[in-house]
Structures are given as structure tokens and as C-alpha cells.
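These are notes for a colleague opening this entry for the first time. Please read them with the sequence and the coordinates side by side.

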Amino acid sequence: MNHKRYFSPAEWQILEFVTAHGSVTVREAAEHFAASDGWARTTVMTMIERLRTKGYLTRDESGAIHRYAPSRPRSDLMQSLVRDFVEKALGGSISPFVAYLGDKTDLTADELAALRRIVDSLDTQDSQANAKSAEAEEEDEDA
């Protein structure tokens, strides 16, 4: 898998289209994007291949016509994209991302609940790490 993960807005549109449809041919995608955005077939094909090279799409070559599909479930793809964004655009710091979420006033109840579960999980992980660290220090002192 190529480690260059920058996504152009056009690649994002194509990834969204493919994930929404499960699998597509270049022709299906080209027809859609020709009608909606005026893109040429070669443009769509190039972007689909870039997404495949980056590891976000797979190509089924078993039939006469190749079909492209997401390489992982949508939630995994989105998590990977967010991770890449935080690492590359935010220098690995989640603080700007959290600040953005804090300013967002239109979060749904489900989104808030999901965020609470994440924070609770992080608190649990932190507590467990602190407990292990304290145990290790006690063992060092006893030795």
C-alpha cells in the first residue's frame, strides 16, 4: 500500500460514491460523475486507480469487467482517514480536532453518546496504564 494518503476533494467524492454503492465499474462511476460534475472517463479512472493504489479500493478482476469496492468497511476507512488527517495536517495533536468538536453545536444525541463512550474508554485506558506504572514502580522499589 502506498503511504501517500492525501485526499483530493475529487478522490473523496469517488470514495464516497463507491462506498455508497458497494462496488462499481469505472463506467458506472464515469457516467455518474460526467452527469453530476462534468468529469471525463479518464479522470474518474485515474482517481479510482489512485484510491486503489493508496489501499482504499480493491479491484475484482474475475470477470470481463473490473469492479471496484471499498477495501474495508466504511467505518474503518473513515477512521483511517481521520487518523491520517490528525497525523499529517495536525502534526499528531488531537487538540485542534477536539476544539472543533467542542465548538460544534449541531451534534446529534447519538454523536454525543459516541463521543462520551470514546472519552470513557480513554479514561479507562489511562487508569489502567497508571495502575501498571504504579505496580512497576513498587516492584522496582521492592527489588
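1. Basis of the notes. The model is predicted: local features need pLDDT of at least 70, side-chain atom pairs count only at pLDDT 80 or more, and totals for chains, interfaces and linings use all residues. Residues are numbered from 1 along each chain as its sequence is written, and side-chain values use heavy atoms, with hydrogens and water left out.

2. Helix H2. Helices (H or I, at least four residues) and strands (E, at least two) are DSSP runs, numbered from the N terminus. H2 has 12 residues, and its first and last C-alpha atoms are 15 Å apart, close to the 16 Å expected at 1.5 Å a residue. The expected span is 1.5 Å times one less than the number of residues.

3. Val-26, Ala-29, Ala-30 and Phe-33 are the buried residues of H2. They lie on the same side of H2 because they cover an arc of only 100° around the axis; the arc is that of the directions from the helix axis to the C-beta atoms. Arg-27 and Ala-35 are exposed on the face of H2 turned away from its buried side. Here buried means under 20% relative accessible area, exposed over 50%, and partly exposed in between (1.4 Å probe, protein chains only). The cover over the buried residues of H2 includes H1, H3 and E2. Just after H2, Gly-38 has a positive phi of about 75°.

4. Helix H3. The 13 residues of H3 (residues 41-53) should span 18 Å at 1.5 Å a residue, and the end C-alpha atoms are 18 Å apart, which agrees. Which residues of H3 are buried? They are Val-44, Met-47, Ile-48 and Leu-51. Their arc around the axis is only 100°, so they sit on the same side of H3. The buried residues of H3 pack against helix H1 (9-21), helix H2 (26-37), strand E1 (57-60) and strand E2 (67-70). Contact means heavy atoms within 4.5 Å. Just after H3, Gly-55 takes a positive phi of about 95°.

5. The hairpin. E1 and E2 form a hairpin, with 6 residues between them. The two strands pair in the antiparallel sense over 4 bridges; pairing requires that DSSP finds at least two bridges between the strands. Leu-57 stands opposite Pro-70 in E2, and Asp-60 has Arg-67 in E2 as its bridge partner.

6. Helix H4. H4 has 16 residues and reaches 22 Å from its first C-alpha to its last, close to the 22 Å expected at 1.5 Å a residue. Its buried residues are Leu-77, Met-78, Ser-80, Leu-81, Asp-84 and Val-86. These buried residues of H4 pack against H1 and E2. Just after H4, Gly-91 has a positive phi of about 65°.

7. The largest pocket. How much space lies in the largest pocket? The figure is about 780 Å³. On a 1 Å grid over the protein atoms alone, a pocket is an open set of points where a 1.4 Å probe fits, with protein on both sides within 12 Å along at least five of seven lines; lining residues have an atom within 4 Å of a point. Grid points are joined across faces, edges and corners, and the volume is the space filled by probe spheres set on the points. The lining has 18 residues, of which Val-82, Phe-97, Leu-101, Leu-115 and Ile-118 lie nearest the centre of the pocket. Helix H4 (74-89), helix H5 (95-103) and helix H6 (109-142) are the elements that give two or more residues to this lining. H6 gives the most, with 6 residues.

8. Phe-7. This residue is in the segment before H1. Is Phe-7 buried or exposed? Phe-7 counts as buried because its relative accessibility is 13%. Leaving aside neighbours within four places in sequence, Phe-7 is in contact with Trp-12, Leu-15, Leu-51, Lys-54, Tyr-56 and Leu-81. The C-alpha atoms of Phe-7 and Gln-128 are separated by 36 Å, and the two residues are 121 residues apart along the chain.

9. Gly-102. This residue lies in helix H5. Gly-102 counts as exposed because its relative accessibility is 62%. Gly-102 and Lys-88 are 14 residues apart along the chain, and their C-alpha atoms are separated by 21 Å.
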